[in-house]
Amino acid sequence: MSITRICCIGAGYVGGPTMAVIAKKCPHIKVTVVDLNEQRIAAWNDPDVNNIPVYEPGLSEVVAEARGRNLFFSTDVEAAIDEAQMIFISVNTPTKTYGAGKGQAADLKWIELCARQIARVAKDDKIIVEKSTLPVRTASAIRDIITHTGSGVHFQILSNPEFLAEGTAMEDLDAPDRVLIGGDSTPEGQVAVKALVEVYANWIPQERILTTNVWSSELSKLTANAFLAQRVSSINSLTELCEKTEADISEVARAIGTDSRIGPKFLKASVGFGGSCFQKDILNLVYIARSYGLQETADYWEQVIIMNDHQKKRFANQMIKNLYNTVNGKKIAFLGWAFKKDTNDTRESAAIYVADHLLYEQADISVYDPKVPERQVYADLDYLVSRSPEENKKGVKVVEDPYEACKDAHAIAVLTEWEEFKNYDWQRIYDSMLKPAKIFDGRNLLDAEKLRAIGFQVRSIGSTL
Ligand code: UDX
Ligand code: ADP
């Protein structure tokens, strides 16, 4: 079976870039990305490719090349399902905010809606591909729904989790460490697996395409994120000890990372990890473990989240302590709001929680981020429901110029590792601030020695002021 028509439900951070790359690499396949959100689809179709809703280095170029040729964005979900041989499900699976599993389990409402919609619309056999990160055994729920509401149409369900990291999505999709495809061991299941393998084989060497059963694939995705997050929490757990002992966390990370069994990646100390995956997936893992009665397994992974929350709170508390135990009415500049550099995504960004904590102490925060718009900053704060939207507007200003953000500030908090921060005119910033001018570098991004020479007091993560 050779695939020539693909549909992807969900035009977000995963669906958008992934489908753009498939369309680019497979000009013989028509790829249609659909979403219920009309505004989002309109933005993907904006004639000016700089206005597409996801910022990711290299993405707009690929969209410019493939859009209208074999890449299409549409709100007509049913027509796209009807036409496609293979349907990727790339919708959001946020943590449940209500009912059983509240705060931990993944909310599969949107996945279920997709499954029902596919079952209703499909008139011929389809391969359904789970792209979103899902709890292990979700495929059996999808299968249950579609086989009991369908009309004699045959479905195969594959798990093909996405391992791309935001900010490097295009490189990750172009040359992934591996592509994982899980499918049934039945002959029909294997035909479906082969069809998807052939799509990827257009640009990925066969030996990097791993095939497994569906459950291994689902669980691998969830646990890959848990392992990565655990590394960040492990190195972050040592920052506090470094601060007490004058050990230098960057040196410790370097020393640990040169052990080839450990490796250098995911050892950069920070104010805490963010992003749409790590927290959600670990909470989900904890929930699944608990639901199988595996108390110790659940507690073990939950500790990674506890460490991460501690790190964010600790950073904010250090700022307050260093600002003479009061930030009331003091202007604090935030450089960065995104959860990491090279993305406009802010989900679970450490900046949100640091801001929340400082707002309890009645600080005046001024935010600058090169890619995050003002409305997103307020949406993130309002979502926390710690205070009213009016109070958030009062406590936080969002500006489009970093120098304006820092002018008359008592302190600067670096919360995202945007490269451009390194190249600012730091003398000019120093001159415009209240003294002593303090920098709390939550990303260990800036050259502390250089800044100290100007006169700044600098506190990097894992070192004393
Ligand atoms: C992650 C996984 O890496 C990816 O494989 C998965 O598909 C989705 O989740 P992403 O959330 O885009 O990707 O970002 P990632 O680069 O993993 O970083 C997550 C968070 O950890 C960021 O806030 C980042 O700043 C932080 N981090 C990462 C550190 O603080 N230190 C590190 O050494 C690495
Ligand atoms: P991710 O980071 O996983 O890509 P996003 O939230 O960025 O998550 O994207 C998910 C997208 O899926 C959203 O744009 C949302 O509107 C869309 N979506 C959710 N449910 C459906 C559905 N049933 N049909 C079409 N689109 C959907």
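## Exercise 1: around ligand 1

A backbone N or O atom of Glu 166 sits 2.6 Å from an oxygen atom of ligand 1, a polar contact being a pair of N or O atoms within 3.5 Å. Before you go on, note that this is a predicted model, where local features need pLDDT of at least 70, side-chain atom pairs count only at pLDDT 80 or more, and totals for chains, interfaces and linings use all residues. Residues are numbered from 1 along each chain as its sequence is written, chains are lettered from A and ligands numbered from 1 in the order in which they are written, and side-chain values use heavy atoms, with hydrogens and water left out.

**Task.** Find which residues come nearest to ligand 1, and describe the shell around it.

**Solution.** 
1. Collect the residues with a heavy atom within 4 Å of the ligand. There are 21 around ligand 1, and the nearest are Glu 166, Lys 221, Ser 270, Lys 340 and Arg 443.
2. Sort them by class: the shell holds 11 nonpolar, three polar and seven charged residues. Here Ala, Val, Leu, Ile, Met, Phe, Trp, Tyr, Cys and Pro count as nonpolar, Asp, Glu, Lys and Arg as charged, and the others, Gly among them, as polar.
3. A polar side-chain atom of Arg 443 is 2.6 Å from a ligand 1 oxygen, and a backbone N or O atom of Leu 267 is 3.3 Å from an oxygen of ligand 1.
4. Finish with the area: ligand 1 taken alone exposes 660 Å², of which the protein buries 90% (Shrake-Rupley method, 1.4 Å probe).

## Exercise 2: around ligand 2

**Task.** Work out which atoms of Val 14, Asp 35 and Arg 347 approach oxygen atoms of ligand 2.

**Solution.** 
1. Start with the shell: 15 residues surround ligand 2, and the closest are Tyr 13, Val 14, Asp 35, Arg 40 and Arg 347.
2. Val 14 uses a backbone N or O atom, at 2.8 Å from a ligand 2 oxygen.
3. Asp 35 brings a side-chain N or O atom to 2.6 Å from an oxygen of ligand 2, while for Arg 347 a polar side-chain atom lies 2.7 Å from a ligand 2 oxygen.
4. For the area, ligand 2 alone exposes 580 Å², and the protein buries 89% of that.
5. By class, this shell around ligand 2 has seven nonpolar, five polar and three charged residues.

Conventions: Polar contact = N/O pair within 3.5 Å; in protein donor to acceptor, adjacent residues only side chain to side chain.
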